[in-house]
Amino acid sequence: MKPVIFRERADQIHRKGAEPFRLTCNKESLAGAVSQRACVFCGSRVVLYPIADALHLVHGPIGCAAYTWDIRGALSSGPELHRLSFSTDLQEKDIIFGGEEKLYRALVELIDRHQPAAAFVYSTCIVGIIGDDLAGVCKKVSQEKGLPVIPVQSEGFRGNKRAGYQAACQAMFQLVGTGSTEGISPYSVNILGDFNLAGEIWIIRDYFQRMGLEVVANITGDGRVRDLQRAHGAALNVVQCAGATMDLARMMQEKYGTPFCRVSYFGVEDMAESLYEVARFFKAPEILERTRELVREELTALYPPLQHYRQALRGKKAAIYVGGAFKAFSLIKAFRLLDMQVVLVGSQTGTEADYQELAEICDDGTIIVDDSNPLELSSFLQEQEVDIFVGGVKERPIAYKLGVGFCDHNHERKEPLEGFVGMLNFAREVYTTVMSPVWRFLPRRQASRPRSAPTAEDPAP
Amino acid sequence: MTAAVSHRHRAQGSPYVSTTNACKLCTPLGACLAFRGVEGAVPFLHGSQGCATYMRRYIISHFREPMDIASSSLGEKHAIYGGGPNLKQGLKNVVDKYQPQLIGVATTCLTETIGDDVPRMVREFVQECQAGGEMAPLPRIVTVSSPSYRGTHMEGFHGAVRALVEQLAQAAPPSAAVNLLPGLVSPADIRYLKEILRDFGLTGIILPDISETLDGPQEMTYRRIPAGGTPLTDIAAMSGSRATLEFGATLSGQDTAGRLLAQRFGVRLFQMGLPLGLRETDRFFGLLETLSGRENPRPHALERGRLLDALVDGHKYVFGKRAVVYGEEDLVVGLTAFLAEIGVRPVLCASGGESGHLEAAMARVCGDLLPELPVVWGGVDFYDIAQEAQGLAPDLLIGHSKGYHLARAWGIPLIRVGFPIHDRFGGQRLLHLGYRGAQQLLDRIINALLAQKQADSPVGYGYL
């Protein structure tokens with residue numbers, strides 16, 4: 001078998017310790033390499049998807065809408081319009097004669113049917129080619145129906161997922177500043193970059209409320225159009241998952257002077273530090289005191305049950321491959337808290353600064369990889385003899401076919417992994433997969449131990 | 001007696017402009033699934049990176065198996081200047097790293113619309129490689145046109161099967177083999193079909209064969225391409241087979257792989273519905289008896305007998321229950337035929353597909369069993385299905401897992417069949433076909449109804 005690494009990709013892989021850090025990233029995926037990345041549309045769709053009272057209409061052939069139907073476990077405390085999959089389902093005649101008329105009629109029909117607070121209209125590859133005037137149709141419908149109808153410029157081929165994040169931020173930015181900020185507390189924040197998977201944003205909102213802060217807008221988990229419209233009234237933007245919503249934070253800073261800070265809610269260390277950072281921003285002693293109290297309470301509850309998992313998992317090896325590099329930092333720290341060692345870490349869309357930072361916190365020998373693929377990942381997992389792989393659905397069968405445990409840290413998780421309670425859930429999930437008895441029966445694991453065949457009993461003398 | 005066409009018959013297609021919760025998937029996904037059933041094959045999408053990744057994710061969530069789909073990963077400049085260079089580079093990379101026997105290239109809406117001539121680009125690629133002399137031996141490369149604005153995943157699936165036969169079958173010496181084109185059925189179904197053919201003493205060429213490639217065992221090493229699939233030599237030899245059996249009640253008259261083998265090589269074509277339920281399975285076994293010159297082998301005769309026995313044992317649990325059936329057209333026809341046989345009353349049979357043959361096929365398989373044909377409706381989505389079904393008071397739903405939201409809303413059981421099944425375990429091992437599949441389906445339908453009865457009962461009966 002030939003080596004798995006493409007010559008063209010050699011500089012997107014770094015082994016810490018061997019040489020000074022150098023990693024190429026943010027480049028187009030190599031054709032034929034089976035990248036784990038999706039597209040611009042995917043980036044926009046995942047960011048905007050949790051806005052629960054908006055209509056999300058995908059303008060294109062059916063696939064783009066079908067594969068993103070109810071795809072994220074982004075929960076809503078109220079309306080659930082986001083869980084439906086709307087498409088203009090373009091047909092051959094629409095491609096030939098243009099899809100604007102169909103888009104117009106579909107929008108009017110769906111707005112009349114569902115009475116949404118706003119509509120997002122996603123452009124797909126083909127719309128970029130046939131040249132439908134998305135903005136024109138949106139403007140017309142917006143005027144006729146009296147609600148924001150916002151085009152999302154998310155043609156799949158115009159870059160990777162990061163470009164889609166940007167398009168989503170631009171779309172949301174059209175809403176920001178259009179609502180009243182009356183009555184918003186000076187001690188207030190927007191939560192950016194949390195998508196309320198498994199109800200996670202409710203945990204974080206609870207923390208902020210216990211600290212004495214008002215949460216103005218959830219962006220975008222359990223999100224509402226009206227909250228976005230008044231988000232410029234908040235005192236601080238608290239930004240997680242920096243890749244997805246950082247552009248919005250920057251635009252808001254520029255236009256409205258809203259400062260922002262970067263946080264992470266994964267793992268104990270980052271969770272606590274994130275709350276302290278927000279508390280310090282407000283320069284109010286009572287908020288800082290409440291935060292200390294909160295962290296103390298949560299840690300007191302968390303540590304005893306965590307010890308059990310920690311003892312069982314000590315010394316096991318982990319691999320991480322996630323969408324954005326930001327999550328990887330917290331995961332490395334979370335694994336350290338469990339006395340586990342991270343031997344492979346990678347992401348689909350990390351930046352040079354992200355990877356630089358990753359290289360600094362990783363142990364020697366750790367493989368750092370950008371925009372990887374199944375062949376590379378499977379070979380790294382074998383080489384590093386890992387016990388658990390953290391990734392999304394596409395990474396799961398790679399782990400399982402190699403007889404390696406797996407933790408879904410992507411859209412399909414059903415247990416919250418954020419917050420202090422999330423750390424316990426994470427430890428439990430890692431334990432559940434690493435400690436399962438099934439691995440010992442697999443051929444790959446059995447090769448190293450003798451097979452026990454039944455032996456005949458000696459006849460009685 | 002054949003029932004007249006129902007007055008409640010719907011025109012083809014939805015009355016609405018927009019689509020909500022589609023009851024179909026896109027064309028290239030079907031093509032990728034078909035290519036996955038060829039030995040040593042790598043499916044390849046000529047388009048932007050997202051298509052391959054979305055489809056991989058969708059397929060993996062059902063089969064729980066690796067599903068590598070390569071992509072030419074077109075960017076903006078390729079969309080403007082053409083995707084040829086990326087296609088060739090992608091093919092080269094796949095050849096280099098996967099060393100496949102075959103690459104199945106399917107187009108997407110992007111590359112169809114920008115007008116890439118994929119067969120020509122592939123010819124150029126092969127010529128360039130041969131001239132360079134660097135990459136011998138090259139795999140076979142089969143291309144299929146599969147824009148997602150034309151048809152559904154089933155058109156993509158059948159199109160890819162046809163392309164495989166068209167581009168790989170050569171004039172071959174006559175053989176005793178039987179070609180079997182099963183359509184999109186489960187790995188368990190394919191394994192069972194192989195067993196049946198073997199028991200009849202027939203040599204079968206099943207295309208595609210996903211029985212191992214999408215339901216593989218644990219092994220010592222990670223395979224870049226999963227084992228199994230229809231061997232290329234078998235596909236090449238299909239032209240010499242004595243007959244082709246092609247499943248799909250709505251395929252008649254269409255330009256399928258079976259028709260191509262008949263027209264180009266004179267292979268006798270037997271098109272029939274999926275052997276689902278008693279009578280459609282009888283037709284299939286009857287044909288095998290004719291082709292093999294053997295009587296139905298005893299194990300299968302026994303299975304048929306046990307199925308009949310179970311139909312009797314269970315008939316009262318299901319009689320008169322009202323069912324909504326949805327999914328791919330051919331599967332819907334087969335399921336409806338079986339439901340009609342056991343006394344369930346299909347009230348709505350719906351599909352996102354629009355072959356135009358759905359209603360005629362339905363009348364053929366169950367017209368004599370039902371006092372009135374159900375509402376048969378092609379080209380619809382789950383919004384249409386929900387609207388229509390609300391007035392029909394269904395007792396159960398039968399289809400893939402995307403109808404779960406309706407079952408939940410209406411508080412009725414969903415019997416999960418076909419593809420995809422994203423909310424239950426073991427979808428790849430579900431058996432639908434033949435006497436054994438009908439038996440399992442019957443058990444699952446009855447048990448779902450009994451569980452519902454138990455849950456709804458204040459008594460908590462221990463005997464049902």
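**Group meeting: the two-chain model**

Good morning. Chain A has 18 helices and 14 strands; helices (H or I, at least four residues) and strands (E, at least two) are DSSP runs numbered from the N terminus. Its radius of gyration is 24 Å, close to the 23 Å that the globule rule gives for 461 residues, so chain A is as compact as a globular protein of that length. That radius is taken over C-alpha atoms, and the globule rule is 2.2 Å times the number of residues to the power 0.38.

A word on conventions. This is a predicted model, in which local features need pLDDT of at least 70 and side-chain atom pairs count only at pLDDT 80 or more, while totals for chains, interfaces and linings use all residues. Residues are numbered from 1 along each chain as its sequence is written, and chains are lettered from A and ligands numbered from 1 in the order in which they are written.

The C-alpha trace of chain A spans about 95 × 65 × 55 Å along its principal axes. Of the 461 residues in chain A, 57% are buried. A residue is called buried if 20 or more other C-beta atoms, placed from the backbone, lie within 10 Å of its own. Two residues are in contact if their C-beta atoms, likewise placed from the backbone, lie within 7 Å. Among contacts in chain A between residues at least 6 apart in sequence, 72% join residues at least 24 apart.

Next, the domains of chain A. Between them, 9 residues of domain 2 of chain A are in contact with 10 residues of domain 3 of chain A. On the domain 2 side, α10 (242-256) and α11 of chain A each supply at least two residues, and α11(A) gives the most, with 3 residues.

After α8(A) comes Gly212(A), whose phi is positive, near 95°.

How do the chains meet? In total, 55 residues of chain B are in contact with 61 residues of chain A. The largest share of the chain B side, 10 residues, comes from α2(B). By class, that side has 22 nonpolar, 20 polar and 13 charged residues. Here Ala, Val, Leu, Ile, Met, Phe, Trp, Tyr, Cys and Pro count as nonpolar, Asp, Glu, Lys and Arg as charged, and the others, Gly among them, as polar.

Finally, strand β3 (residues 86-87) of chain A and β1(B) pair in the antiparallel sense over 2 bridges, pairing being assigned if DSSP finds at least two bridges. Ser87(A) stands opposite Thr19(B) in β1(B). Thank you.

Note on methods:
A residue is buried if 20 or more other C-beta atoms lie within 10 Å of its own, exposed if 12 or fewer, and partly exposed in between; C-beta atoms are placed from the backbone.
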